[in-house]
Amino acid sequence: MSNAAGIAFQLLQSVLVVLAAPLLTGWVNQCRAWLQNRSAPSLLLPYYTLARLFHKDAVIAKNASALFRVTPYVLFGCMWLAAGIVPVLATGLPFAPAADIVALVGVFALARVFSALAAMDVGTSFGGLGARREMLIGFLAEPAMLMTLFTAAFISGSTQLTTIVDTLAHREFAIYPSLAFAAVAFLMVLLAENARIPIDNPTTHLELTMVHEAMILEYSARHLALIEWAVAIKLFAYVTIGIALFLPWGIAPAGDWSGLPLAAAALAAKLAAAGAGLALIETLLAKLRLFLAPEFLSTAFLLAVLGMLIHFLAIG
Amino acid sequence: MNADALTGSLAAAACWLATGVLALVPARRAWFARTLAFPLGALAGLALAGFGLDAIWLPAARMTLPLGLPGLPFHLRLDPLSGFFLMLLGAVAAGISVYAAGYFRGEQPGRLALIGLQYHVFLASMALVVLADDAYLFMVAWETMALASYFLVTTDHRRPAIRSAGFLYLLVAHLGALAILLCFGVLHGGRGDYAFDALRAASLSPGWATAAFLLAFFGFGAKAGMIPLHAWLPEAHPAAPSPVSALLSGVMLKTAIYGMVRVIYDLIGGVRWEWGLVVLVVGAGTTLFGVLYALMQHDLKRLLAYHSVENIGIILLGLGMSMVFIGFGHPVAGALGLVAALYHTLNHAVFKGLLFLGAGSILRSAGRRNLNEMGGLIHRMPRTAFYFLVGALAISALPPLNGFVSEWLTFQTALQSPVLENGVVRSLLPLFAATLALAGALTAMCFVKVYGIAFLGRPRQPAGAEARDAGNFERFGMAWLAAGCFVLGLFPTAFLLMLNRVGVSLTGHGLSEAALESNWLWLIPTAPGQASYSPVIFLAVIAGTVLLCWVLVRRFYHGRVRYADPWDCGYPEQTARMQDTADAFGQPIRHVFGPVYRMHRVLPSAEDPAPRYVLKIEDRHWYALYLPAARLAAYLSAKVSLLQRGRISIYLLYSFLTLIALLVFVR
């Protein structure tokens with residue numbers, strides 16, 4: 001792999017992920033509407049929303065601090081970084097070693113802490129409530145995510161996502177029971193971390209139930225647009241991490257232009273299936289009571305730990 | 001050259017002692033203590049850090065001072081491990097001393113002179129603990145450190161709560177010292193002298209070696225604040241003036257880690273994996289317990305003290321993993337664990353020092369320690385708010401700051417577990433990593449609470465609205481430590497190589513070849529392709545994106561802003577009291593981890609004319625361990641007092657019996 005081709009791949013992937021992320025959100029919304037027998041909004045609706053928000057004047061609370069105004073940009077930066085690390089189209093990207101799976105979890109944690117802090121900045125009761133709930137979900141989802149990734153790391157002997165994907169994509173076809181546990185745990189974490197049903201409902205503003213929406217209640221215009229966009233990238237990044245770990249086949253090595261069309265087609269198909277699956281889950285499940293969320297997530301945590309132990313039992 | 005580093009370190013310690021003594025004169029106005037003492041102390045700290053840094057790269061230097069008892073001179077030795085801890089002590093103390101120069105300025109002369117003396121004696125004694133090369137000097141310095149810090153803790157000795165906190169501290173410190181003394185006794189085994197060389201040379205049977213390990217582990221653990229010997233820590237740290245809390249938590253706890261590493265790796269030697277498991281289990285308990293109790297606190301300094309307990313647990317996790325690997329004969333993975341533990345020791349010193357200083361500035365300007373009475377301080381104290389944010393992000397183990405690097409290294413150590421032959425231990429190590437992950441996420445929650453309640457939102461009490469930012473000295477002290485958080489976080493390779501040198505000098509083995517070839521940009525702990533991390537790229541991408549977005553949004557759209565009242569959800573009367581409180585923020589954790597706490601809660605009924613909600617959370621250890629122990633002690637002393645009859649003839653009989661016994665035994 002030449003360096004220039006690697007960097008070209010890196011830039012291509014980063015820009016592509018950032019631009020395509022709202023499309024996945026639109027697709028999930030469309031699928032959900034179909035499943036719920038509603039007439040579906042346009043696939044491009046998230047883009048229109050973003051454009052509309054960018055045009056508006058930002059309304060900021062009088063007592064907001066600089067932290068409040070910086071946070072949307074920081075969130076966007078964190079998610080961009082995550083999008084650059086995850087092997088979406090190709091493995092072996094030049095910037096991928098900058099952060100391994102632990103650092104990747106760290107990026108999401110950084111984003112979470114900033115959004116929780118910004119929520120408490122204005123000093124409304126909703127902001128604090130949202131921040132508290134978000135951290136409650138985060139403190140269990142984060143270790144569960146880490147344990148899921150550790151299972152994959154133990155199988156491939158590396159914590160670099162790109163090496164993990166390389167190993168998993170080119171192994172002989174065998175069923176790893178540990179990965180099955182990890183996959184279930186990962187799915188649960190994905191739902192919780194991306195504020196989906198059954199943990200949170202992205203479409204509600206009912207104070208009894210909202211988590212993520214309560215945190216961003218004070219935001220408007222370009223700040224809100226950046227946050228919404230970052231949320232879309234986050235969902236995209238999580239889904240692609242899941243694909244990379246559990247369905248890695250078809251991914252191209254960096255610099256291999258000929259493998260790119262196949263990789264892109266495979267990715268599109270997998271994303272479409274994942275988005276439809278997500279919509280199905282959201283349609284079939286009901287939202288859990290807030291205090292059932294820790295149980296849901298500790299199940300995920302235990303499943304992930306169990307997967308890791310099974311890996312050791314299987315080889316030991 | 002290396003003797004120079006030792007002489008220089010001694011000179012710096014002597015400079016601290018001299019500053020301390022000079023602070024007393026002239027006592028009436030305490031002119032020296034007010035103006036020069038603390039800046040001089042900071043300079044001596046910087047010099048000490050420089051000498052320590054130097055010593056890491058040099059072979060060990062020795063010196064014998066003709067002080068102390070006749071025939072028992074003081075032995076001193078400066079090797080890479082001592083050098084590393086001297087650097088930690090000097091660099092952190094420098095920042096804290098500059099801060100103290102501003103913080104103590106307004107004290108009354110008499111008090112100030114005394115604080116100046118105790119503070120600098122405390123610093124000098126910590127330097128001597130690290131430099132000591134015989135058990136005698138070590139114990140002298142250790143006890144001087146305990147006493148100096150006791151007097152600093154009880155600075156406000158007129159308040160009974162502080163007196164009892166000081167007493168508890170002294171009690172646990174002495175229990176620990178007793179265990180350390182016994183450990184030296186076991187190592188000595190009745191042969192030779194008490195120089196560390198003689199102790200190192202002693203060959204112990206496995207049983208005695210384990211006894212020495214347990215004594216050292218619990219002796220130093222009492223000072224470090226590991227469970228169940230932690231109870232003094234959340235009492236004593238808040239009692240002290242804030243710069244002293246920063247020293248206690250940032251530096252003094254680290255001397256206990258130093259002692260643990262020195263005695264277990266160096267003096268006892270032949271580390272066994274079973275010891276590592278003991279350390280891991282205690283470390284995991286300490287980590288989780290510390291953070292869960294920290295989440296329940298609303299007193300800022302108590303909360304920080306509980307986080308010190310947690311971080312000591314994280315250091316122990318690294319040490320324990322290192323011992324397990326070394327015990328099983330994998331010294332390279334063992335070296336990684338040791339590096340992770342020592343790195344976290346340094347990181348914790350820096351960010352916890354910073355956080356305690358920030359808490360001190362809040363206490364000084366808003367006059368409050370209770371989080372529930374703060375709020376909106378970011379508007380009044382923007383600089384303190386920034387430094388505190390750096391500390392809070394660092395302790396929450398968020399990249400690209402320093403706390404993340406050492407936790408990352410600890411995770412990498414745990415991920416080496418497939419090399420172990422023992423299947424049970426192999427699958428246990430990742431469980432400890434899971435504990436660490438849980439604790440890290442809980443810490444982030446706790447510091448969102450601290451920062452959100454104290455600095456963000458609106459002032460909950462009128463006093464908070466008049467708070468002023470910290471003065472120049474205080475700001476400089478905090479800026480120094482905040483810069484440390486960035487440097488340690490962004491350029492970890494330099495410190496990795498330093499710590500590798502420490503590890504080689506202790507165990508004879510270092511990190512893998514690939515790890516030593518890490519450059520400033522890439523940190524590679526084991527092998528490329530296995531794990532890597534580049535904090536500089538990490539920060540550059542985030543900062544670059546932030547900047548790019550900012551420019552693009554303004555280029556393609558606009559930067560117009562309108563200011564308005566916060567959205568009030570249709571309720572016109574939104575008051576500051578409707579914000580979340582610290583206790584409310586911890587409520588979900590109380591709900592999830594209920595059985596961990598000893599909770600006393602009184603809910604008012606609907607008809608209550610004066611409703612009052614009471615919630616009291618206590619440490620279970622008090623009721624399970626400390627109070628029974630205290631009752632036992634009282635019972636035993638009551639029995640012993642039977643001997644005291646108050647009649648001279650009985651006492652003469654005792655003397656007579658003692659004489660007979662001595663004649664029988666000492667022939």
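Predicted model: local features only at pLDDT ≥ 70, side-chain atom pairs only at ≥ 80, totals over all residues.
Colleague: Why is Ala195(A) called buried?

Modeller: A residue is buried if 20 or more other C-beta atoms lie within 10 Å of its own, and Ala195(A) has 20 such neighbours, so it counts as buried. Ala195(A) is found in the loop between H7 and H8 of chain A, and its phi is positive, about 55 degrees, although it is not a glycine.

Colleague: What makes Asn37(A) buried or exposed?

Modeller: The cut-off for an exposed residue is 12 or fewer other C-beta atoms within 10 Å; Asn37(A) has 6, and is therefore exposed. Asn37(A) lies in the loop between helix H1 (3-35) and H2 of chain A, and it too is a residue other than glycine with a positive phi, here about 65 degrees.

Colleague: How do you know that chain B is as compact as a globular protein of its length?

Modeller: The globule rule gives 26 Å for 667 residues, and the radius of gyration of chain B is 26 Å, close to that value, so chain B is as compact as a globular protein of that length. Chain B holds 26 helices and five strands, its C-alpha trace spans about 95 × 65 × 60 Å along the principal axes, and 57% of its residues count as buried.

Colleague: What makes S1(A) and S3(B) a pair of strands?

Modeller: Pairing requires at least two bridges between the strands, and four bridges join S1(A) to strand S3 (residues 561-564) of chain B, with the two running parallel. Within this pairing, Ala61(A) stands opposite Ala564(B).

Colleague: Which residues make up the contact of the two chains, and which element of chain A gives the most to its side?

Modeller: The contact takes 71 residues from chain A and 66 residues from chain B. H5(A) gives the most to the side of chain A, with 17 residues, and the residues of that side divide into 46 nonpolar, 17 polar and eight charged.

Notes. Residues numbered from 1 in each chain as written. Chains lettered and ligands numbered in written order. Contact = placed C-beta atoms within 7 Å. Nonpolar A, V, L, I, M, F, W, Y, C, P; charged D, E, K, R; others polar. Rg over C-alpha atoms; globule rule 2.2 N^0.38 Å.
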